[in-house]
Amino acid sequence: MRLHSGFIAAIAAACLSVPATAADLTIGLAGSVTSIDPHFYNASPNNSIAMQIFDRLTERTASGQLVPGLAESWEPVGERQWRFKLRPGVTWHDGVAFTADDVVFTFARARNVPNSPGGFGGFLRNIETVEAEDDLTVLLSTHQPTPTLPGEVANIAIVSRHVGDGADTADYNSGKAAVGTGAFRYSSFRQGDQVVLERNPDWWHGEVAWDRATYRMIGNNSSRTTAILARDVDIIDVPAATDIERFKAEDGLVFASTPGLRVIYLAPTVSGDGWKPFVSGPNGETLDVNPLTDPRVRKALSIAINRQGIAERIMGGTATATGQWLPEGTYSWNAEIDVPQTDPAAAKALLAEAGYPDGFRLTIHVPNDRYPNAPAVVQAIAQMWSRIGVATRIEALPWTTFSSRKKDVAIKLLGLGNATYDASSMLVNVIGTDDPERGLGASNDSGYSNADLDALVARAQSLTDENAREAALKEAVTVALDDTAIIPLYLQSNAWVMRKGISYEPRIDERTLAKDVTAAQ
């Protein structure tokens, strides 16, 4: 069926905002933006910035609905091809016309950016060839039937060939190559500090409410709270759970939230030698074998955790305990998988069965400026593991350092935003075997590999029948969790606090987009 352009209500609402005036918007961002290169790292803070400068063929509304972007329509051509008709009259920030050749260039570049800590190749893994049929038509041929392709490409920022050809990540960070079609133009970027954007008066989508948008990176909860209370910023994301009631009661502030797609989970390393400095015997002796390679050990660690207690007491009700990585009711959420019951006695028995009756020593790594309350969550988990004989120490690192060391630790706390809006994001990018040639494992830092599971996921995604595909994905979720490939903990809620006089519709994907912040009328 052919999908035609047209702005649905959520898109039209942005265009009904007040005309752009000489106004600045300042955003207090909890996460740290590590690059302006939109293909370098699939992390939410980076994506929030990339979505201001660059557009995509398809886009997602705040509620997750797929809508036209740079492609005004798309349709399947047989079983293994999709034709995208591009929006006419779109120009890059430098005035050059956007064409199908830019899409061809983008899809080649985004597959494998050098030194990426977790890229976007997984979203393109099924694409065999990309052909520009004419200046405004792109034909995508796939290795197998890929009914989910329009949603997959919603994650790929389109960059220009005339600026991007030969450019590297440093060129995007400096602004030299950061020329997009988006609502804002690059002005400046200081890693770990701020990003400044200037309004693009020629954006094809219409005017935005702000001449300038400044993203300040404020990783500390107290500092972010102070900034919004003092009105040093106009809006913050990820408000501290302990301050939410205060925000709701504060005159002049507005609190907005929505259930989110991000799961917080533990990723145990099961291959390589990076684990060795961080795992030892109960008396500190060197181990020849990594205990985390044993599924019984991973399961023991999982059932030793009181997820409900963490969600209620540490996250203050801003999270929901889970035993999987999707929220209830979403496509491929598995109703047969419950939140694991906390059972220290069974955990100890599993450790003994695996050959560790006296436990072992373990270091867990966590970013201290990325996920709400993450260090406190890990402290609680360390106490729970110590009770079953796994003496646990914690190493908390800034996100920029943590993200560069993820592959060299024993076990770590991470988050995934489920960008495909189904189970495949985790199955392909995190749990999938690290295999760039097949577009698998772009964010697989643990070394986990299960060939049968990879095959099951590939088969699931080739099914055109929605019910059959969902059933196959649910089966894959069961296989992965039965093997404790990861240890899901809880699903985050997404929240923002803003001064009165502006409005922002909470997004299920947790992105904080200046282009969608409107001024009160």
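A helix here is a DSSP run of at least four residues marked H or I, a strand is a run of at least two marked E, and both are numbered from the N terminus. Keep that in mind as you select. The model on your screen is predicted.

**Stop 1: Met315**

Select Met315. You are in the loop between helix H10 (307–314) and strand E14 (319–321). Is Met315 buried or exposed? Buried means under 20% relative accessible area. Met315 has a relative accessible area of 1%, so Met315 is buried.

Now show what surrounds Met315. Leaving out residues up to four places away in sequence, Met315 touches Ala241, Ile310, Pro372, Asn373, Val377 and Tyr490. Ala240 and Met315 are 75 residues apart along the chain, yet their C-alpha atoms are separated by 8.9 Å.

**Stop 2: strand E15**

Select residues 360–367. This is strand E15, and it is mostly covered. How many of its eight residues are buried? Seven are.

Next, look at the partners of E15. Start with strand E13, residues 279–280. E13 and E15 run antiparallel, and two bridges join them. Pick Ser280: its bridge partner in E15 is Arg361.

Move on to strand E16, residues 390–397. Which way do E15 and E16 run, parallel or antiparallel? They run parallel, joined by eight bridges. Click on two of the facing pairs. Thr363 stands opposite Arg393 in E16. His365 stands opposite Glu395, also in E16. Then trace the chain from E15 to E16. The path goes through helix H12 (residues 374–386), and this β-α-β crossover is right-handed.

Finish with strand E17, residues 411–416. E17 runs parallel to E15, with two bridges between them. Select His365 again: in E17, His365 stands opposite Lys412.

While the strands are on screen, remember a general point. In a regular strand the side chains alternate between the two faces of the sheet.

**Stop 3: the cavities**

Rolling a probe the size of a water molecule over the atoms shows where empty space is left. How many cavities of 30 Å³ or more are there? The count comes to four.

Go to the largest cavity, with a volume of about 330 Å³. It is lined by 25 residues; select the closest to its centre, Asn42, Ala43, Arg262, Gly415 and Leu416. Colour the elements that give two or more residues to this lining: helix H2 (44–53), strand E12 (253–268), E17 and helix H14 (424–430). The lining of the largest cavity divides into nine nonpolar, nine polar and seven charged residues.

Next is the second largest cavity, which holds about 110 Å³ of space. Its lining has 13 residues, with Arg60, Ala154, Asn155, Asp509 and Arg511 nearest its centre. Five residues of this lining are nonpolar, three polar and five charged.

**Stop 4: the largest pocket**

End at the largest pocket. About 690 Å³ of space lies in it. Of its 37 lining residues, select the closest to the centre: Ser116, Pro117, Gly118, Gly119 and Ala442. Which helix gives the largest share of the lining? Helix H13 (residues 399–405) does, with four residues. Colour the pocket lining by type to finish: nine residues are nonpolar, 19 polar and nine charged.

Key:
Residues are numbered from 1 along each chain as its sequence is written. This is a predicted model: local features need pLDDT of at least 70, side-chain atom pairs count only at pLDDT 80 or more; totals for chains, interfaces and linings use all residues. Side-chain values use heavy atoms; hydrogens and water are left out. Buried means under 20% relative accessible area, exposed over 50%, partly exposed in between (1.4 Å probe, protein chains only). Two strands pair if DSSP finds at least two bridges between them. A crossover is right-handed if, with the strands pointing away from the viewer, the path from the first strand over the helix to the second runs clockwise. On a 1 Å grid over the protein atoms alone, a cavity is a set of points where a 1.4 Å probe fits but cannot get out, and a pocket is an open set with protein on both sides within 12 Å along at least five of seven lines; lining residues have an atom within 4 Å of a point. Grid points are joined across faces, edges and corners, and a volume is the space filled by probe spheres set on the points. Ala, Val, Leu, Ile, Met, Phe, Trp, Tyr, Cys and Pro count as nonpolar, Asp, Glu, Lys and Arg as charged, and the others, Gly among them, as polar. Contact means heavy atoms within 4.5 Å.
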